[in-house]
Structures are given as C-alpha cells and as structure tokens.
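Hi everyone, thanks for making time this morning. I'd like to walk you through a structure, so let me put it up on the screen.

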Amino acid sequence: MEINSDIWKVIIPAFFTLLGVIIGSILSYRNSFKLFKNQKKYDNRRIAYSRLLAYKYIWAQSVIFHLGTRFSAEYFYAKFNLLSDEKDLEQSNKQFDRASSLMRDTSIYQKEIFETIGLIQTCYIINPELELAINELFGAGTIQIQPFPKTLKNLNELNQYHDENSTKIPMMAEVKYVVRVDKLLKLLKVQLDSEK
C-alpha cells in the first residue's frame with residue numbers, strides 16, 4: 001500500500017502540473033489569437049482608411065476628365081450640326097473615343113473604392129451613421145452629360161452655353177463623390193482614433 005501511496009503522491013502532482021500546463025497553453029493560445037485578431041482588424045481598418053483616402057481625389061479627377069472629354073465631344077457634335085464642318089465631326093468622334101477610354105480608368109477607380117467599402121464593412125463597427133454614409137456613396141450614381149440643346153442658333157450661343165456649363169462638371173463631381181467620401185472618412189477616422 002505504501003508503494004501505491006508513494007505512486008499517488010507522484011502521480012497526483014504530476015497530473016495537476018500537466019493539467020496546468022495544458023490549460024495554460026490553451027489560455028495562452030486563446031489570448032494570443034485574440035490579440036492577433038484584434039491587430040489584424042486594426043490593420044485592416046488602417047488599410048481601408050488609407051485606400052479610401054488615396055482614391056478619393058484620383059476617382060474624382062478621373063470622373064472630371066471623363067466628363068470633360070464627353071462634354072467636349074458633345075460640343076464638337078453640336079458645332080458640326082450648326083456649321084456642318086467635317087472637322088468638327090471628326091473632333092467629336094475623337095473626343096467620344098477618348099471619353100470611352102477614360103471611362104475604363106474611372107471604372108477601375110470606382111471598383112477600388114467599392115472594394116475598399118467592402119473591407120470597411122468587414123472590419124469597422126457599422127453603426128447607423130456609418131451605414132448611411134456607405135449607402136450614400138454606393139447610391140451616388142453617375143453624372144450624365146446631355147447633348148447640347150438643339151435650340152442654339154449660332155456659334156456665339158453655342159460657345160456661351162459651353163462656357164457656362166463646362167465649369168459645372170468639377171462642382172458636380174465634388175458634390176456627388178468627394179463630399180460623400182469625406183463624410184465616410186470622418187466617420188472612419190473616429191473609430192480608428194478610438195483604438196490608439
């Protein structure tokens with residue numbers, strides 16, 4: 001019996017020591033994993049914020065260039081209809097082709113913005129205010145350039161219409177895109193700063 005008692009004296013402390021090591025390892029792993037997860041979430045927040053900030057003006061500028069080129073194409077087409085000069089039709093076609101090319105770039109930037117918003121939705125706390133800002137940006141839609149009115153009677157009226165309306169393009173892009181991205185960035189910055 002004494003041998004059994006001696007064995008138990010060794011086995012019981014060894015068992016509890018082993019159990020302590022196993023439980024300690026599990027808790028240490030859980031804690032390490034939780035820290036890793038929190039760090040990854042914070043890193044993703046910083047990446048999403050930085051990407052949105054970086055693409056804000058690039059996206060808006062690409063939209064402005066695209067719309068300006070499209071507006072120019074409409075101008076030359078209206079000028080061709082007014083004066084029947086083939087050079088104006090040729091210039092209009094060139095501008096339409098260039099606008100199509102620029103549209104691809106704009107689409108790429110818009111895709112990057114929307115992918116970044118997807119990242120934001122996975123790593124930020126989506127409260128009603130943030131959700132509204134995201135939905136406003138998603139719902140911004142596109143700016144359409146309309147053909148010039150057919151009621152313009154001469155080159156002076158055409159040029160006046162061109163001058164009055166060409167300056168509206170940057171303002172439309174600012175209101176439709178930049179202001180909405182800025183609103184979203186401010187809300188993201190609050191959450192980002194709260195974790196420092």
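This is a predicted model: local features need pLDDT of at least 70, side-chain atom pairs count only at pLDDT 80 or more; totals for chains, interfaces and linings use all residues.

Let's begin with the surface.

Now to the helix pair. Helix H3, residues 128-138, packs with helix H5, residues 168-194, at about 155°, and their axes are 9 Å apart. H3 and H5 are therefore roughly antiparallel, and their crossing is left-handed.

What links H3 and H5 through side chains? Here Glu136 and Lys183 form a salt bridge, with the closest N and O atoms 3.0 Å apart. That pair joins distant parts of the chain, since Glu136 sits in H3 and Lys183 in H5, 47 residues apart. Glu136 is partly exposed at 27%, and Lys183 is partly exposed at 32%.

How many salt bridges are there in the whole structure? The search finds nine. Another of them brings together Lys79 and Asp88, at 3.8 Å from N to O. Are these two buried or exposed? Lys79 counts as buried, with 18% relative accessibility, and Asp88 is buried too, at 6%.

Finally, Lys94 forms a salt bridge with Glu90. Both lie in helix H2, residues 86-123, four residues or about one turn apart, and Lys94 is partly exposed at 47%.

Thanks, and I'm happy to take questions!

Technical notes. Residues are numbered from 1 along each chain as its sequence is written. Side-chain values use heavy atoms; hydrogens and water are left out. Axes are lines fitted to C-alpha atoms, for helices over the stretch in contact, and angles run from 0 to 180 degrees between N-to-C directions. Helices (H or I, at least four residues) and strands (E, at least two) are DSSP runs, numbered from the N terminus. Angles under 35 degrees count as roughly parallel, over 145 as roughly antiparallel, 65 to 115 as roughly perpendicular and the rest as oblique. A crossing is left-handed if the near helix is turned anticlockwise from the far one by less than a right angle, and right-handed if clockwise. A salt bridge is a side-chain nitrogen of Lys or Arg within 4 Å of a carboxyl oxygen of Asp or Glu. Buried means under 20% relative accessible area, exposed over 50%, partly exposed in between (1.4 Å probe, protein chains only).
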